[in-house]
Amino acid sequence: MDGFEGNSGVIVLAATNIPEVLDKALLRPGRFDRQISVALPDLAGRQKILRVHARDKALDDKVELDEIAKRCLGMSGADLANVMNESAIFASRRKADAITMDDIYDAMDRIQIGLEKKGATFSDERQKLVSYHEAGHALLGALM
């Protein structure tokens with residue numbers, strides 16, 4: 001890179017999940033000009049990632065990480081780590097000794113959808129818009 005002495009023994013790596021916001025000067029030849037896209041993990045990858053992040057957590061005997069991996073389609077490794085951490089938080093709030101499947105499903109919902117809005121009421125128009133939006137997800141999921 002400009003301003004640094006050449007050293008053929010040093011390689012600088014950088015990573016981002018939003019490359020479109022990088023300054024174009026960083027991507028000029030001689031700088032960070034090589035880009036390698038890393039795809040989201042497949043089912044086998046998600047299974048392995050979940051096992052890593054569940055290793056230090058007490059899981060209920062009925063927890064099936066392979067089943068969870070099937071339901072986490074489109075999640076990155078960071079998302080999967082977040083699922084396991086959030087599920088541990090849900091379990092601790094219940095003062096439970098182990099994470100259950102319900103804790104994990106609640107964590108997935110929180111990560112994918114957001115916090116439940118308790119006591120909130122939606123107008124008929126708002127409910128209609130949300131239903132269109134969710135139907136769009138279902139249609140795209142079916143088509144893809």
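Select Glu 67 to begin. Glu 67 is partly exposed, at 26% relative accessibility. You are looking at a predicted model, where local features need pLDDT of at least 70, side-chain atom pairs count only at pLDDT 80 or more, and totals for chains, interfaces and linings use all residues. Residues are numbered from 1 along each chain as its sequence is written, and side-chain values use heavy atoms, with hydrogens and water left out.

**Stop 1: the charged pairs**

The term means a side-chain nitrogen of Lys or Arg within 4 Å of a carboxyl oxygen of Asp or Glu. Side chains of opposite charge can pair when their charged atoms come close. Both residues sit in helix α2, three residues apart, which is about one turn of the helix. Helices here are DSSP runs (H or I, at least four residues), numbered from the N terminus. Glu 67, Lys 70 and Arg 71 are linked in a network of salt bridges.

Next, select Asp 66 and Arg 51. Their side chains meet in a salt bridge, 2.7 Å from N to O. Asp 66 belongs to helix α2 (residues 65-71) and Arg 51 to helix α1 (residues 43-54), so this pair ties together parts that are 15 residues apart in sequence. Asp 66 is partly exposed, with a relative accessible area of 32%. Arg 51 is also partly exposed, at 40%.

Move on to Asp 56 and Lys 57. This pair forms a salt bridge too, its closest N and O atoms 3.3 Å apart. Asp 56 is exposed, at 64% relative accessibility. Across the whole structure, a search finds six salt bridges.

**Stop 2: Leu 80**

Now select Leu 80, in helix α3. Is Leu 80 buried or exposed? It is buried, with a relative accessible area of 0%. Show what surrounds this residue. Leaving aside neighbours within four places in sequence, Leu 80 is in contact with Arg 46, Ile 49, Leu 50, Cys 72 and Met 75. Contact means heavy atoms within 4.5 Å. Then pick Gln 47: Leu 80 and Gln 47 are 33 residues apart in sequence and 9.6 Å apart in space, C-alpha to C-alpha.

**Stop 3: α1 against α3**

Show α1 and α3 together. Their axes come within 9 Å and cross at roughly 40°. Axes are lines fitted to C-alpha atoms, for helices over the stretch in contact, and angles run from 0 to 180 degrees between N-to-C directions. The two helices are therefore oblique to each other. Angles under 35 degrees count as roughly parallel, over 145 as roughly antiparallel, 65 to 115 as roughly perpendicular, and the rest as oblique. From α1, select Arg 46, Ile 49, Leu 50, His 53 and Ala 54; from α3, take Gly 77, Leu 80, Ala 81 and Met 84. These residues make the contact.

**Stop 4: α3 against α4**

Finish with α3 (residues 77-93) and α4 (residues 101-112), whose axes come within 8 Å and cross at roughly 125°. That makes α3 oblique to α4. Select the residues that meet here. Those from α3 include Asp 79, Val 83 and Phe 90, and those from α4 include Ile 104, Met 108 and Arg 110.

How values were computed: Buried < 20%, exposed > 50% of the residue type's maximum accessible area, 1.4 Å probe, protein only.
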